[in-house]
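Keep the sequence and the model side by side.

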Amino acid sequence: MRIVGRMAEWNDEKGYGFVAPNNGGERAFVHVNSFEVRGRRPLEGEFISYEPMTDERRRLNATRVRYAV
């Protein structure tokens, strides 16, 4: 299930940030390597779509990330 959200935070130097889902709920961690198409980095406030996944430490991560148009 894909979720659409807005980049709430982005640290370009470190290549990661957090996305807040549009429908409310828990923010998810986003890493630059999770983007399906690479070539540019996201900006705070930009919309993306992603598939949520919980890692081994039960933290929510955004995977298969795409820029929402």
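Start with Glu46. Its side chain is buried, at a relative accessible area of 18%, because buried means under 20%. Keep in mind that this is a predicted model. What does Glu46 meet in a salt bridge? The partner is Arg40, with 2.6 Å from N to O. Arg40 counts as partly exposed, at 42% relative accessibility. So this salt bridge joins a buried Glu46 to a partly exposed Arg40.

Now step back to the fold. The protein has five strands and zero helices. Read from the N terminus, the elements run β-β-β-β-β.

Take Glu51 and Arg2. They form a salt bridge, and their closest N and O atoms are 3.4 Å apart. Glu51 lies in strand S4, residues 47–54. Arg2 sits in the segment before strand S1, which spans 3–11.

Next, Arg64 and Glu36. This salt bridge has its closest N and O atoms 3.0 Å apart. Arg64 belongs to strand S5, residues 60–67. Glu36 is in the loop between strand S3 (28–31) and S4. Here the separation is 28 residues, and again distant parts of the chain are linked. Arg64 is partly exposed, with a relative accessible area of 44%. Glu36 is partly exposed too, at 37%.

Across the whole structure, a search finds eight salt bridges.

Finish with the overall shape. Why can the protein be called a compact globule? With 69 residues, such a globule would have a radius of gyration near 11 Å, and the protein has 11 Å, which agrees. The C-alpha atoms fill a box of roughly 30 × 25 × 20 Å along the principal axes. Of the 69 residues, 33% count as buried. The accessible surface comes to about 4,700 Å², and carbon and sulfur atoms hold 49% of that.

Notes. Residues numbered from 1 in each chain as written. Predicted model: local features only at pLDDT ≥ 70, side-chain atom pairs only at ≥ 80, totals over all residues. Heavy atoms only, no water. Helix = DSSP H or I, 4+ residues; strand = E, 2+ residues; numbered from the N terminus. Rg over C-alpha atoms; globule rule 2.2 N^0.38 Å. Buried < 20%, exposed > 50% of the residue type's maximum accessible area, 1.4 Å probe, protein only. Areas by Shrake-Rupley, 256 points an atom, 1.4 Å probe, with all protein chains shown as cover. Salt bridge = Lys/Arg side-chain N within 4 Å of Asp/Glu carboxyl O.
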